[in-house]
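Welcome! Take a look at the sequence and the 3D view below, and keep both open while you work through the exercises.

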Amino acid sequence: MSARRLLLFRSAGRVFAVDADAAREILPVQPATRIPGAAPAIRGLVNVRGLLVTLVDAAVALGLAATPSPEGGSVLLIDHASHRVGLVVDEVLDLVLVDDADLDERGALPGVHPDLVRAVGTAAGQPFVQLATGTLLEPLLP
């Protein structure tokens, strides 16, 4: 039996997960330099130790909030293709190990676009949606 290491986070009142191997670090939210003409989910650019990182508001990208919330939260730095992206979330919750057999591969959940769902599961009694981060980020990044 194989297992996945997932990083759980909360955004717009829901619990989501990303593959822990793609996660690099967790930072506090910082002010971003807005990019003219960028999609509403793009908060802007921030400098992380000399590297420009695009901040993506997770709730807005998932279609769960109308406007980005500038206060509070965390930035989850993840690697995607050749980019390091900062996913702005309300709260990072936990790092969990979940057996593949405990994940449901269905893609249709109310309120979440089916293409954005990789799997659904439960960890410590907390239901979550594992995101298909490639599908989520591809339309937003250059």
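The exercises below walk through a predicted model, each followed by a worked solution.

**Exercise 1. Work out the order of the strands in the open sheet of 5 strands, and find which strands stand at its edges.**

Step 1: Look at the two ends of the order. Strand 3 (23–28) and strand 4 (42–48) each have a single partner strand, so one side of each has no neighbour in the sheet.
Step 2: Compare the directions of neighbouring strands in this sheet; ignoring which way they run, they are turned by 30 degrees against each other on average.

**Exercise 2. Describe how strand 5 is joined to strand 7.**

Step 1: Locate strand 5 at residues 51–57 and strand 7 at residues 83–89.
Step 2: These two strands run parallel, and 4 bridges join them.
Step 3: For a pair to look at, take L55, which stands opposite G86 in strand 7.

**Exercise 3. Decide whether P31 is buried or exposed, and say where it sits.**

Step 1: Find P31 in the loop between strand 3 and strand 4.
Step 2: Its relative accessibility is 78%, and exposed means over 50%, so P31 counts as exposed.
Step 3: Now look at L45, 14 residues apart from P31 along the chain; the C-alpha atoms of the two are separated by 8.7 Å.

**Exercise 4. Explore the largest nonpolar core and find which of its residues touch the most other members.**

Step 1: The core has 25 residues, and F9, F16, V56, L76, L87 and L131 touch the most other members.
Step 2: Ask which elements contribute. Those that supply at least two residues each include strand 1 (3–11), strand 2 (14–19), helix 1 (58–61) and helix 2 (133–137).
Step 3: Strand 7 gives the largest share, with 3 residues.
Step 4: Another core, of 10 residues, lies apart from this one; V15, A17, V96 and F128 are among its members.

As background, nonpolar side chains tend to be buried together in soluble globular proteins.

**Exercise 5. Examine the phi angles of A81 and A124, and say where each residue lies.**

Step 1: A81 has a positive phi of about 55 degrees, and it lies in the loop between strand 6 and strand 7.
Step 2: A124 also has a positive phi, near 55 degrees, and its loop runs between strand 9 and strand 10.
Step 3: Check the accessibility. A81 is exposed at 71% relative accessible area, and A124 is exposed at 87%.

Methods: Residues numbered from 1 in each chain as written. Predicted model: local features only at pLDDT ≥ 70, side-chain atom pairs only at ≥ 80, totals over all residues. Heavy atoms only, no water. Pairing = 2+ DSSP bridges. Axes fitted to C-alpha atoms, helices over the stretch in contact; angles between N-to-C directions. Buried < 20%, exposed > 50% of the residue type's maximum accessible area, 1.4 Å probe, protein only. Core = buried A, V, L, I, M, F, W, Y, C linked by side-chain atoms within 4.5 Å.
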